[in-house]
Amino acid sequence: MKEFMVGHDVINGGDYSEFFDGVMTSVSSLTDYNITRERYEDYIAEPIKERELFEGFDGTLFIDSGGFKFLGGYELDGSDFEVDIDQEKIYEIQNRLGGDILVNLDQPITQDDSYETRVEKARQTAENVVQFLDISEGTHSARYLTLQGYDYSMLDTFISEIDKIVGSSRVHKKFDGIALGGLVPLKDNKGRLIDAVIDCRAVLRDWGFDDLPLHILGISSSAIPLLSAVGADSFDSSSYLHSAINGKYDVSLARSKPLDNVDFSECNCPVCSDSDLVDRMKGNAEYRKDILGPVAMHNLITQKQEVAEIRDCIRSSDPNALAEYLEETLGRHKALRRFSHRVVNESLGGYF
Ligand SMILES: [Zn+2]
């Protein structure tokens, strides 16, 4: 993907930059792996967009905090090292990586947390928010507030705690958007995802934050059209990559085909139009990454093109455009039809 990002010679060059207009990475991409201190120091030594490796990449870089683990690794001599991860350290890393959109460090809640635990976690997050706003004062990066919760009451409790400690007017003045986290455990339950986003929009409205864009962390693919219809504005996705790793070639946000069953001439994306890359996708390459890399790129293009279509429907002057799009795409999909009908009826003025 790095090679596609910069149109490297090894993938025959080409300009794929329009598909990398927004890229997300996370502090946890450093903390989740047992890297050496030397490598850690190297990763944060220079902003991503100023690196030679990424020359030509000029998309918006969103850096998630995701660093609730301790960074652990080893020195070159094999001894352990650990960096204390707190709000200050997370911001320092986000800043050194050169992020354009940054989020505060939050305390993720789980389905098993008691009410008291959730309130306590919200309080800790609120303290991080105060620190985050103080240390990032004057930044040119956009700042997104992370929220945790899957229903009205959880989200309302969360914002109440933030309001008590930070003050809702300061939150409103300083933050440029909201990032809803903690939904990944619900990713296969479309009904609950829809509930969570509808409730989140309702809570934001009741607290006067409804003018802020809403990003949904870690939810992608066929959930995108449904959640867009109920008020989500942006998404981050690695499903294009996971599909490819599992030998799947995406034909839409909701459908994919096994790689060995694909007629590449049916797709006119720049990957499937390059005979060398098609040859690799057919298995004619020594390394698996060279077979699946182009598949991942094709999958990303397919997803991005469909997201652009959804965006056009939302911006269209025709009030039924999104409802019609949902009917044409998800309405024909047995497992997704009822969710499509639900969001059309509840949020798009009815249709069925
Ligand atoms: Zn293609």
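Which residues of H14 are buried? In this predicted model, the buried positions of H14 are Phe339, Ser340, Val343 and Val344. Around the helix axis these residues span an arc of only 135°, and they therefore lie on the same side of H14. The elements covering them include helix H8 (190-206), H9 and H13.

Helix H13 comprises residues 321-329 and helix H14 residues 337-347; their axes are 9 Å apart and form an angle of about 170°. Because angles over 145 degrees count as roughly antiparallel, H13 is described as roughly antiparallel to H14. On the H13 side, the contact is made by Ala323, Leu326 and Glu327, which meet Ser340, Val343 and Val344 of H14. By residue class, this contact of H13 with H14 consists of four nonpolar residues, one polar residue and one charged residue.

A corresponding analysis was carried out for H13. Leu322, Ala323, Tyr325, Leu326 and Thr329 are buried in this helix. Viewed down the axis of H13, the buried residues fall within an arc of 160°, so they line one face of the helix. Their packing partners are helix H9 (223-229), helix H12 (288-315) and H14.

Note on methods. Residues numbered from 1 in each chain as written. Predicted model: local features only at pLDDT ≥ 70, side-chain atom pairs only at ≥ 80, totals over all residues. Axes fitted to C-alpha atoms, helices over the stretch in contact; angles between N-to-C directions. Helix = DSSP H or I, 4+ residues; strand = E, 2+ residues; numbered from the N terminus. Parallel < 35°, antiparallel > 145°, perpendicular 65-115°, else oblique. Contact = placed C-beta atoms within 7 Å. Nonpolar A, V, L, I, M, F, W, Y, C, P; charged D, E, K, R; others polar. Buried ≥ 20, exposed ≤ 12 C-beta atoms within 10 Å, placed from the backbone. Arc of directions from axis to C-beta.
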